[in-house]
Amino acid sequence: MSNSIDIQVPDIGDFSDVPVIEIFVKVGDTVKAEDPLVSLESDKATLDVPAPRGGVVKAIAVKLGDKVSQGSVIMQFEAEGGAAAAAPPAEVAKPSVTAPPSAVSAPAGLAEVRVPDIGDFKDVPVIEIFVKVGDTVKAEDPLVSLESDKATMDVPAPLSGVVKEIRIQLGDKVSQGSVVLLLATGDVLSAAAPVVAVAAPPAQAAAAVGASVNEAAFALAYAGPAVRKLARELGVDLGRVSGSGEHGRIVRTDVEAFARGGGGPAAAPAPKPAAAAGGGIGGLELLAWPKVDFAKFGPVERKELSRIKKISGANLHRNWVVIPHVTTHDEADITELEQFRVQMNKELEKSGVKLSMLPFMMKAAVSALKKFPEFNASLDGQGNEQSLVLKNYWHIGFAADTPNGLMVPVIRDVDKKTVPEIAKEMGELAKLAREGKLKPDQMSGGTFTISSLGGIGGIYFTPIINAPEVAIMGVCKSYWKQHSSDGKTYTSRLTLPLSLSWDHRVIDGAAAARFNVHFANVLADLRRVLF
Ligand code: CAO
């Protein structure tokens, strides 16, 4: 009897036709259960497929770039202990994130969702629970958030299903393998679960204060889970490793070469355009941060930075360092628009929708972005391979001030929505942001951001670009300004100060000035939106 078994891609959520980006083994290798076999990359996540059991690799059925889905055969193993030792059904009935995956399907049941590999962290408190019993979740929806002294991370759902029981409470301390909740799954279950997505949206990325390893850069580095694990084992600061894989992805050999003391592609040379590559920023040789005993000079209190502040801080810092920002100031005459807004608010009084200036600005932004498409774009790739991705959709983010810090919800397809529709959605998203309930997909996909301090004050400021976007419009409080077209007669006009920050790698000063003029002209006369 042959004891050869097929190794298949396990349940990988909603992903199908995902390319194989790395193969970790070769024919003849002996592997242990849970050793990574291949790495897959969708547009949302990088996942490793671990060995469901130990054995010797007899054949590899895929090559780099092949597209696979759940059930695709990737390898044949000569199984340890013969075919009779194939994954026992008992293990399959209660799959968990950390359990060795099985390619075998089993009847519907309860999945125990456990804390996945979270590096060296142990006994980390649960700081947020995003779901309740009865909620339906999709694979990769965040379930709970953990916060150590170094990092904040979300545990995503490994499978789709319905939450049956929550096994932890806020403040409970958990480690890898701790059961978080029970999930009732669909008709077909696999014991496998995707390893935590490393290409996770910023909300899932760890923000940190590093000692020898820069945790924020580590979290942002473009690498798969197996490579991250290896980097942890070897004590390699991933943020300083250059990737030799496609699009600058860091592969095993890069980490190994770096650990050996540099050389080859992993020598961590000059700072790379991390915003485009997804990698960390190396090469900044700065003085150590001043260490001051503040209490020597007077009484002090110490306050933890909020989770949002840590995450947004790491992102803002990267964007500010990597992007050559320039800010161009201008002003818009909104005298007529303000009258129209007041009038429309009277007409809409019963609808419950209240219009501020911001939804009108969103419409003006779309008009300007359509006229100047390089503002609705992102840089992709690095070096000679770098190109500009021009987007044919107009999703506008807006900075929202929340008790926990700055968040940027995104309104999709602003071009297709009316001003009251935008205002309503903005109100809902701002409320969710203030309650800390925004989901990652409500903060992703933006093509341009508006940061309005108009309700508060100020005249001009220099907003930081929300990478990978290439421009952001900052707006301050409108004020009455004396205006003259001939230097003799003056009229008072309601004036809105504008501050457009733009990425000088993509945009030139003349284009930025034209963008502002068009934006201001549209606000001065909204009929221009039609052109
Ligand atoms: N000039 C004058 N008044 C303005 C104005 C402007 N440019 N923009 C808004 N206002 C007024 C509004 O009309 C409203 O007046 P009433 O109370 O009389 O109706 C008041 O200011 C408050 O507006 P708002 O802030 O509630 O509404 P908004 O649509 O303008 O903004 C939101 C919504 C979520 C963007 C805003 O509340 C917010 O959080 N802004 C801060 C953004 C921020 O922090 N940016 C900095 C990022 S960089 O660190």
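A residue is called buried when its relative accessible area is under 20%, exposed when that area is over 50%, and partly exposed in between, using a 1.4 Å probe and protein chains only. The model is predicted, so local features need pLDDT of at least 70 and side-chain atom pairs count only at pLDDT 80 or more, whereas totals for chains, interfaces and linings use all residues. Residues are numbered from 1 along each chain as its sequence is written, and side-chain values use heavy atoms, with hydrogens and water left out.

**Overall fold**

- The protein chain has 10 helices and 27 strands, which are DSSP runs numbered from the N terminus (helices H or I, at least four residues; strands E, at least two).
- Taking contact to mean heavy atoms within 4.5 Å, 63% of the contacts between residues at least 6 apart in sequence join residues at least 24 apart.

**The largest nonpolar core**

- A nonpolar core is a set of buried Ala, Val, Leu, Ile, Met, Phe, Trp, Tyr and Cys residues joined through side-chain atoms within 4.5 Å.
- The largest such core holds 55 residues, and Phe375, Phe448, Ile450 and Phe515 are the ones that touch the most other members.
- Elements giving two or more residues to this core include helices H8 (358-371), H9 (419-434) and H10 (509-524), together with strand S24 (448-452), and the largest share, nine residues, comes from H8.
- Leaving aside neighbours within four places in sequence, Phe448 is in contact with residues including Ala365, Leu369, Phe375, Ile396, Met473, Leu500 and Phe515.

**Packing of H8 and H9**

- The axes of H8 and H9 come within 8 Å and cross at roughly 120 degrees, where axes are lines fitted to C-alpha atoms over the stretch in contact and angles run from 0 to 180 degrees between N-to-C directions.
- The contact is made by Leu358, Pro359, Phe360, Met362 and Lys363 of H8 and by Val419, Ile422, Ala423 and Met426 of H9.
- These residues divide into eight nonpolar, no polar and one charged, with Ala, Val, Leu, Ile, Met, Phe, Trp, Tyr, Cys and Pro counted as nonpolar, Asp, Glu, Lys and Arg as charged, and the others, Gly among them, as polar.

**Pro19**

- Pro19 is found in strand S2 (residues 18-23) and is partly exposed, with a relative accessible area of 24%.
- Pro19 and Asp66 are 47 residues apart in sequence, yet 5.3 Å apart in space, C-alpha to C-alpha.
- Not counting residues up to four places away in sequence, Pro19 touches Ser39, Leu40, Glu41, Gly65, Asp66 and Lys67.
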